[in-house]
Amino acid sequence: MRVLKFCHNRNPHAKVLTLDTNTNTLSWPSRFHKVFNTTIDITLIQQIRRGQADPKFSKGSKDYSNLETLSLSIDYQVL
């Protein structure tokens, strides 16, 4: 699934999320991070929130409010 990813310290950028049902993980490629930093065990997901309420959505110089209905935040436990 192709998404627009909002990060802590960068402007939003396109990513491809992959759901692996064999390993129960959600992952995305990164030039900057190792695989274990870009993979989420889906059993650790605590909440999925619709919309752009997370402060990360207000970062950057562009207005992404037109994508509000397509936006979500994934909260998960970090081990």
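Student: Which residues does Thr38 touch, leaving out those up to four places away in sequence?
Tutor: Thr38 touches Leu26, Ser27, Trp28, Ser30 and His33, where contact means heavy atoms within 4.5 Å. This is a predicted model, in which local features need pLDDT of at least 70, side-chain atom pairs count only at pLDDT 80 or more, and totals for chains, interfaces and linings use all residues. Residues are numbered from 1 along each chain as its sequence is written, and side-chain values use heavy atoms, with hydrogens and water left out.

Student: Is Thr38 buried or exposed?
Tutor: Thr38 is buried, at a relative accessible area of 4% (buried is under 20%, exposed over 50%, partly exposed in between, with a 1.4 Å probe and protein chains only).

Student: And where is Thr38 placed?
Tutor: Thr38 sits in the loop between strand E4 (25-27) and E5, strands being DSSP runs of E with at least two residues, numbered from the N terminus.

Student: What does Pro29 contact, neighbours within four places aside?
Tutor: Pro29, which is also in the loop between E4 and E5, is in contact with Lys15 and Val16. Pro29 and Thr39 are 10 residues apart in sequence, while their C-alpha atoms are 9.0 Å apart in space.

Student: New topic: which strand gives the largest share of the lining of the largest pocket?
Tutor: That share comes from E7, with five residues.

Methods
Helices (H or I, at least four residues) and strands (E, at least two) are DSSP runs, numbered from the N terminus.
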